[in-house]
Amino acid sequence: MTDELFVVEDLTVTLPTSRGPVDVVKDVSFTVGRDDTLGIVGESGSGKSMTALAVLGLLPPGARTSGSVRLDGRELLGQSEGELRSVRGNAISMVFQDPLSSLNPYYTVGLQIEEGYRAHRGGSKRAARQVAIEAMERVRIPDAARRVDDYPHQFSGGQRQRIMIAMALCCSPSLLIADEPTTALDVTVQAQILELLAELQTQTGTGLIFITHDLAVISSIARRVLVMCAGDPVEYGTAEQVFSDPRHEYTRTLLDAVPRIDDEVML
Amino acid sequence: MTVAGPRTPTLLEVEEVGLAGDPGGGPPTSTGRILGKLARDKAALLCLVFLLIVVLMAVFAPLITKLSGWGPDEFDSGAINSDLGGVPHGSLGGISGEHWFGVEPQNGRDLFARIVYGARVSITIALSATVLTGILGVVFGLLAGFYRGWVDQAISRVMDFLMAFPALIFMIAILSSLPAGNRPVLLVVVISAFGWPYLARVIRGQTMTLANREFVEAARASGAKNVALVFREILPNLRGSIIVMTTLSVPGYIGTEAGLSFLGVGVTPPTASWGQMISSSVSWYSVDPMFFAIPGTFLFLTVLSLTVLGDKIRSVIDAGEAT
Ligand SMILES: Nc1ncnc2c1ncn2[C@@H]1O[C@H](COP(=O)(O)OP(=O)(O)OP(=O)(O)O)[C@@H](O)[C@H]1O
Ligand SMILES: [Mg+2]
């Protein structure tokens, strides 16, 4: 247990609402190892994003958490804001759903990658620029050395998501959380991004938490799967277990909704 | 941009600007591009040239009056006809090679010199007020829009109060009851105190939109501090709105200063001011219409140029952000 990179135990998130406090995440536990991928699936509103945000201490104001979140044995839950800031984007990075609005339209993409890098690693502007170019090459942006000085609107949606991934990986995090990183992209681009993530993961050994409501995506990328329903972790196990022998009614419903998955599992 | 319920317009009222609906929707419109577009627009260029002349007049006032020969406070009793109650000699209010814009009736002060020095007062007060309202409006707008909650409540209530307040009446009351002291500074403070909510309201709304944009969340998730989020991520995307709102507020402040001086609560004599000149010309307008026409024309053209220029800048920025 202790050799696991990232351990979440009995994580509960309570949000204040007009109807009183609501548990949007209830007693969620999972582990992610180095070079390991955990997929979190569930329908919209099941608490997937809240789980991810709780890990980074990015919950909306007034939220309460309990349980334990440990990275390399270090407790993150209840840490001070300053402490968490040094973790965010450094040891744990996050990629968001919408690549079109995840980049600040005011700055060139290079500058945004550089800023993220220098915030944690310091160093000269020139060194950071080199890091930015290398990061963009790594996610296969053609002609990266020239394109660092372009603005976000000069890139396609898929390229922007690649840039977000480049930014997330530039500080070599030990854990990357991708919250529906391909939902806004079309299917072929989706496949490329997934391939890229898998490839980068084998190169760097980063642990990956992949959030989606697309079971087809999960089956192609994740080793372990957590299924969530209305904040409850209804099923947790290896991908084969969950897909071939779903123990929970909810998982079966999800699987039935995606006929393609059955074909794949049959193989 | 929603317009709040009916309220009485005041001299301070900054035109409600229809800014590009989605702040930060595109790349920044560079200053060079704004200037380039303006230079190719004849009307904008004309306004720019006129404003440049006024600004140069204001900056080099002492030099210019040395050239023209008469200072703003020198009496030329030779230029007025004391038998006729002080009407200037000659037609058109005494315009001559000696006095380029004629002289003031009754005491014969040189109008050109007074216009030049008046430009100084108007521009200094209007620009200072613009800078002060700009800072107050941006800071409070950002605070209210970013932190929301009680911070927003407190700031918004103050803004509502200031905007609903009969500002002009209050300004007249406060300025006439306070000791003369440093009138220009007092004017700037009073104008700004009532002027900032109009900018802050726009900034607040746009900050709220921007704060919810994913790039702010993404920056937070990569370890940025709140200060960095506000000043590095949000503020630059407000640049267009700030430029447009502030440019369009300058003519309003020039008008307010002139209005208050006209009412006798602005800058104190003998300091020259366009509003004051218009005010004293009122009793002479039938015998010496030029005394009214000259400061009136300068005030009108300055306000018009600033308004036209502000509009042009807005359309350049809007077009830039739409692409
Ligand atoms: N600021 C908030 N205040 C109160 N409740 C919230 C807030 N944000 C989200 N919620 C609630 O928390 C629950 C979980 O939301 P979450 O964003 O984690 O869903 P999700 O699984 O990521 O869904 P999606 O697939 O649509 O992204 C939802 O029921 C939602 O209504
Ligand atoms: Mg979500």
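Trainee: Which residue of chain A meets the side chain of B:Arg232 in a salt bridge?

Mentor: This is a predicted model: local features need pLDDT of at least 70, side-chain atom pairs count only at pLDDT 80 or more, and totals for chains, interfaces and linings use all residues. Residues are numbered from 1 along each chain as its sequence is written, chains are lettered from A and ligands numbered from 1 in the order in which they are written, and side-chain values use heavy atoms, without hydrogens and water. A salt bridge is a side-chain nitrogen of Lys or Arg within 4 Å of a carboxyl oxygen of Asp or Glu. At 3.9 Å, N to O, the partner of B:Arg232 is A:Glu115.

Trainee: How many residue pairs are in polar contact between chain B and chain A?

Mentor: A polar contact is a pair of N or O atoms within 3.5 Å; within protein, one must be able to donate a hydrogen and the other to accept it, and residues adjacent in sequence count only if both atoms are side-chain atoms. With both residues at pLDDT 80 or more, the count of pairs between chain B and chain A is 8.

Trainee: Which helix gives the most to the side of chain B that touches chain A?

Mentor: Helices are DSSP runs of H or I, at least four residues, and strands are runs of E, at least two, numbered from the N terminus. H8 (214–221) and H9 (226–234) of chain B each supply at least two residues to that side. With 6 residues, the one that gives the most is H8(B).

Trainee: What area is buried between chain B and chain A?

Mentor: Contact means heavy atoms within 4.5 Å, and 20 residues of chain B are in contact with 23 residues of chain A. Buried area is the accessible area (1.4 Å probe) that two parts lose on being put together, summed over both. Carbon and sulfur atoms give 59% of it, and the total is about 1,900 Å².

Trainee: How far does a polar side-chain atom of A:Glu180 lie from an oxygen atom of ligand 1?

Mentor: A:Glu180 is among the closest of the 14 residues that surround ligand 1, each with a heavy atom within 4 Å. Backbone atoms of A:Gly47, at 3.1 Å, and A:Met50, at 2.9 Å, also face oxygen atoms of ligand 1. For the side chain of A:Glu180, the distance is 2.8 Å.
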